[in-house]
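Student: I have a sequence and a structure to read, and I would like to know what stands behind each label. Can we go through them one at a time?

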Amino acid sequence: MSDLVPGVYKVEGSREPSLPVIFDSPHSGTNYPPDFGFIAPSELVRRAEDAYVDELFSAAPARGAPLVSALFPRSYIDPNRSLLDLDPEVLAEPWPDEIAPGEKARLGHGLIWRLCPPDEAMYDRKLSVEEVRRRIDLYWKPYHAALKRVLDDVHHRFGQTWHINCHSMPAISPPNSPEGATGVRRAEIVLGDRDGSTCSAEFLALVRDTFKKLGYQVKVNDPYKGVEIVRAYSDPLAGRHALQIEINRALYMDEQGFEKTAGFAELQANLTKLIDHIGDYALSQVAAAKAAE
Ligand SMILES: [Zn+2]
């Protein structure tokens, strides 16, 4: 363990990683801060977690790729949202800085969630500016700073980075989901590069083809294109590649009971193969760039 802030984030892996590859799991946190104060049923709030996703990718650090994980739940403050995506409806008073609530805030799932899926009010109160600021300063910003530090360190070391932003999704679309319809059966794996803007087409193809060879049904940018984290830290022309992976929860867990299923071990083993494929590819890209210098 190289870096841990209890309840906020952990960074696993060597300070001198052997691969130019970084994984992050922003939504698998389960440490509910005591001042959260939600009224939605806790079993529904828990369903917002990308449960066990950090564990699914836990082989990464030993293979030379750092893994950054949030320890707080996304339902408290969502690290995969921009600070601008703040829903004024959750606030008791006007936000003093610029905000620009987008589609996620409109659906109730902006930076601070107004709704708990499927369609419950998260709070029976409005939040003060001070309360939201505290969540930003003590949770959102430290997570982003830790991730950015790791990405910058690896970029400095290798000249390029391949960043996988790891998530899981319900097997069936709930209300207020990006499909705009309830009950849609989802693919096993959804890759998101924000319509070709966050990584090279070659890297997207490598990850897609690896999943397909492992036997998974894969979709790209449908229904999830990738949100704030892959947007904020990608710059493919500068050698900074980021790709979002959404894993269908039916592959590894019982979505009602939160228990892992028999499929967990097989999926974890396949993701470890994926980590190795990405690592080999990334090292070959770095070597090719060096040879061309
Ligand atoms: Zn997620």
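**Helices, sheet and core**

Tutor: Helix α5 (residues 201-213) lies across β7, β8, β9 and β10, and runs at about 160° to β9. The model is predicted: local features need pLDDT of at least 70, side-chain atom pairs count only at pLDDT 80 or more, and totals for chains, interfaces and linings use all residues. Residues are numbered from 1 along each chain as its sequence is written.

Student: What makes a stretch a helix or a strand?

Tutor: Both are DSSP runs numbered from the N terminus: helices are H or I with at least four residues, strands are E with at least two. The angle of about 160° between α5 and β9 is taken between N-to-C directions and can run from 0 to 180 degrees; the axes are lines fitted to C-alpha atoms, for helices over the stretch in contact.

Student: Which strands form the sheet, and in what order?

Tutor: The open sheet has 8 strands in the order β1-β2-β4-β3-β7-β10-β8-β9, with mixed pairing. Its edge strands are β1 (3-5) and β9 (218-220), each of which pairs on one side only. From one strand to the next, the twist averages 20°.

Student: How do you know that β1 and β2 pair?

Tutor: Two strands pair if DSSP finds at least two bridges between them. There are 3 bridges between β1 and β2 (residues 9-12), which run antiparallel, so the pair meets the cut-off. Leu4 stands opposite Lys10, and Val5 opposite Tyr9. The hairpin has 3 residues between these strands, and Gly7 takes a positive phi near 80° there. On to the next pair: β2 and β4 are joined by 4 bridges in the antiparallel sense, and Lys10 has Ser69 in β4 as its bridge partner.

Student: Where is α4 kinked?

Tutor: The kink is centred on Ile136 and is about 35°. The bend at a residue is the angle between axes fitted to the seven residues ending there and the seven starting there. After α4 comes Gly159, with a positive phi near 85°.

Student: What makes Met253 buried?

Tutor: A residue is buried if 20 or more other C-beta atoms, placed from the backbone, lie within 10 Å of its own, exposed if 12 or fewer, and partly exposed in between. Met253 has 21 such neighbours, so it counts as buried. Met253 is in the loop between β10 and α7. Its C-alpha atom is 7.0 Å from that of Phe264, which is 11 residues away along the chain.

Student: Why is Glu179 called partly exposed?

Tutor: Glu179 has 13 C-beta neighbours inside 10 Å, so it is partly exposed. Glu179 lies in the loop between β7 (161-169) and β8 (189-192). Leaving out residues up to four places away in sequence, Glu179 touches Ser173, Val184 and Pro223; contact means that the C-beta atoms lie within 7 Å.

Student: Which part of α4 is buried, and what does it pack against?

Tutor: The buried residues include Tyr139, Trp140, Tyr143, Leu147, Val150 and Leu151. The buried residues of α4 pack against β1, β2, β3, β4, β7 and α7 (263-292). An α-helix has 3.6 residues a turn, so residues three or four places apart point the same way.

Student: What makes a group of residues a nonpolar core?

Tutor: A nonpolar core is a set of buried Ala, Val, Leu, Ile, Met, Phe, Trp, Tyr and Cys residues joined through C-beta atoms within 7 Å. The largest one here has 68 residues, and Phe23, Phe57, Val150 and Leu243 have the most contacts inside it. α4 gives the largest share, 9 residues. Beyond four places in sequence, the contacts of Leu243 include Ile164, Leu191, Phe203 and Val230. In β10, 8 of the 9 residues are buried.

Note on methods:
Two residues are in contact if their C-beta atoms, placed from the backbone, lie within 7 Å.
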